[in-house]
Amino acid sequence: ALAQVLVFTNKLSQAIKIYQTLTVQEQKKPMNAFYFSYALHNLGQAKRALIVFNERDRSGEFKFKLVAKKIKKILEGRG
């Protein structure tokens, strides 16, 4: 939750440090992957952002489908 707040307040480097301390499974949770990839992208790490985004857990994806579409557009430079 703290990392998400840091993303909202544009403290992206701090947020990334927190996301990097999470286990791989935690990083793959949809909301973590969304915010982590968004922060990476906004700090110029577009390729890594897409990797984090694409490796997210997609079980239960129906809950996050709209959010995922919007974030994917941003990460691909279309949004």
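The crossing of α2 and α4 is the first thing I looked up, and it comes out left-handed. I'm keeping in mind that this is a predicted model.

**Entry: the helix pair.** I checked the geometry next. Helix α2 covers residues 12-21, and it packs against α4 at an angle of about 135°. Their axes lie 9 Å apart.

**Entry: who meets whom.** From α2 I noted L12, I16, Y19 and Q20 at the contact. Facing them in α4 are N32, Y35, F36, A39, L40 and N42. I sorted the contact of α2 with α4 by class and got seven nonpolar residues, three polar ones and no charged ones.

**Entry: the faces of α2.** Which residues of α2 are buried? I found L12, A15, I16 and Y19. Looking down the axis of α2, I see these buried residues fall within an arc of 100°, so they line one face of the helix. On the face turned away from that buried side I found K17 and T21, both exposed. I also asked what the buried residues of α2 pack against. My list is α1 (2-8), α3 (24-27) and α4.

**Entry: N32.** Now the side chain I came for. N32 sits in helix α4, which spans residues 30-42. Is N32 buried or exposed? Its relative accessible area is 15%, so N32 counts as buried, the cut-off being under 20%. Setting aside neighbours within four places in sequence, I get contacts from N32 to Q4, Y19, L22, E26 and Q27.

**Entry: N32 and Y19.** I looked up their spacing: the C-alpha atoms of N32 and Y19 are separated by 7.6 Å, with the two residues 13 apart along the chain.

Notes:
Residues numbered from 1 in each chain as written. Predicted model: local features only at pLDDT ≥ 70, side-chain atom pairs only at ≥ 80, totals over all residues. Heavy atoms only, no water. Helix = DSSP H or I, 4+ residues; strand = E, 2+ residues; numbered from the N terminus. Buried < 20%, exposed > 50% of the residue type's maximum accessible area, 1.4 Å probe, protein only. Contact = heavy atoms within 4.5 Å. Axes fitted to C-alpha atoms, helices over the stretch in contact; angles between N-to-C directions. Left-handed = near helix turned anticlockwise from the far one by under 90°. Nonpolar A, V, L, I, M, F, W, Y, C, P; charged D, E, K, R; others polar. Arc of directions from axis to C-beta.
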